[in-house]
Amino acid sequence: MTLQLSPKEKQLLQDQQAHEKVCIQKYQNNAQQASDPQLKQLFQSYAQQEQQHLNTLTSILNGQVPSMSQGQQSQQAQQSQLTQKSSTQATSAASSSSASQADAMLCSDMLMTEKFVSGAYDSAIFESSDSSVRQALNHIQKEEQEHGEGIYNYMSSNGMYSS
């Protein structure tokens, strides 16, 4: 069965594709710039998940009904748990103050990006007429929120977040 998307749905999904492309690029660039190996790993993991999000959006725009199988959800949940575990085990032993400040800036930038992208999914979810598309977008949004949580946990455990 092929999806029939309205022009508004297509535009919102194309906007989300653009957001995901920016996230992928930023996570890849930030992984290269990060001083802390754990932060590098966190950013690389999130870049891979953002690529999965982009692939899902592209499939939807190509008219394919997304299938969030139990195995896929379980695999993504396990990957998310591993990512969160590595971020909460981060140590505050930064090699230098300037490296730590640079890493904090990378984290702040990505946290702001995740807040924006997660919020932007609200419109796409509410405007979607197909329940399987809403389910897929809701799943992506949940992972975006988990990325934000992982970055917050890393920052908090490394004294980079002042509340």
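This is a short tour of a predicted model, stop by stop, with something to select at each one.

**Stop 1: helix α1**

Start by selecting residues 7-33, which make up helix α1. Now colour the buried residues of α1: Glu9, Leu12, Leu13, Gln16, Gln17, His19, Glu20, Cys23, Ile24, Tyr27, Asn30 and Ala31.

**Stop 2**

Next, select residues 37-61, helix α2. This helix has 25 residues and runs 36 Å from its first C-alpha to its last, close to the 36 Å expected at 1.5 Å a residue.

Which residue caps the N-terminal end of α2? Show the side chain of Asp36: one of its oxygens sits 3.0 Å from the backbone nitrogen of Gln38, and that is the cap. Then go to the other end, where α2 is followed by Gly63, a residue with a positive phi, near 90°.

While you're here, click on Ser45, which also lies in α2. Ser45 has a relative accessible area of 13%, so it counts as buried.

**Stop 3: three rings together**

Show the side chains of Tyr27, Phe43 and Tyr46, which ring pairs link into a cluster. How many aromatic pairs are there? The count comes to two.

- Take Tyr27 with Phe43: the ring centres are 5.6 Å apart and the planes make an angle of 50°, a tilted pair. It links distant parts of the chain, with Tyr27 in α1 and Phe43 in α2, 16 residues apart. Are these two buried or exposed? Tyr27 has 0% relative accessibility, so it is buried, and Phe43, also at 0%, counts as buried too.
- Now take Tyr27 with Tyr46: the centres are again 5.6 Å apart, but the planes stand at 70°, so this pair is edge-to-face. Tyr27 is in α1 and Tyr46 in α2, so the pair ties together parts that are 19 residues apart in sequence. Both Tyr27 and Tyr46 are buried.

**Stop 4**

In soluble globular proteins, nonpolar side chains tend to be buried together. Here the largest nonpolar core has 32 residues, and the members touching the most others are Tyr27, Phe43, Leu137 and Ile151. Helices α1, α2, α4 (97-127) and α5 (131-157) each supply at least two residues of this core. Which helix gives the largest share? That is α4, with nine residues.

Select Leu137 to see one of these members up close. Setting aside neighbours within four places in sequence, Leu137 is in contact with Leu13, Leu57, Tyr121, Ala124 and Ile125.

**Stop 5: the salt bridges**

Side chains of opposite charge can pair when their charged atoms come close. This structure holds three salt bridges.

- Lys8 and Glu127 meet at 3.4 Å, N to O. Glu127 is in α4 and Lys8 in α1, so this pair ties together parts that are 119 residues apart in sequence. Glu127 is partly exposed, at 36% relative accessibility.
- Lys26 and Asp109 have their closest N and O atoms 3.1 Å apart. This pair also links distant parts of the chain, Lys26 in α1 and Asp109 in α4, 83 residues apart. Lys26 is partly exposed at 21%, and Asp109 is partly exposed at 28%.
- Lys142 and Glu146 have their closest N and O atoms 2.8 Å apart. They are four residues apart in helix α5, so about one helical turn separates them. Lys142 is partly exposed at 48% relative accessibility, whereas Glu146, at 16%, counts as buried.

Technical notes
Residues are numbered from 1 along each chain as its sequence is written. This is a predicted model: local features need pLDDT of at least 70, side-chain atom pairs count only at pLDDT 80 or more; totals for chains, interfaces and linings use all residues. Side-chain values use heavy atoms; hydrogens and water are left out. Rings of Phe, Tyr and Trp (its six-membered ring) pair if their centres lie within 6.5 Å; planes under 30 degrees apart count as stacked, over 60 as edge-to-face and the rest as tilted. Buried means under 20% relative accessible area, exposed over 50%, partly exposed in between (1.4 Å probe, protein chains only). The expected span of a helix is 1.5 Å times one less than its number of residues. A polar contact is a pair of N or O atoms within 3.5 Å; within protein, one must be able to donate a hydrogen and the other to accept it, and residues adjacent in sequence count only if both atoms are side-chain atoms. A nonpolar core is a set of buried Ala, Val, Leu, Ile, Met, Phe, Trp, Tyr and Cys residues joined through side-chain atoms within 4.5 Å. Contact means heavy atoms within 4.5 Å. A salt bridge is a side-chain nitrogen of Lys or Arg within 4 Å of a carboxyl oxygen of Asp or Glu.
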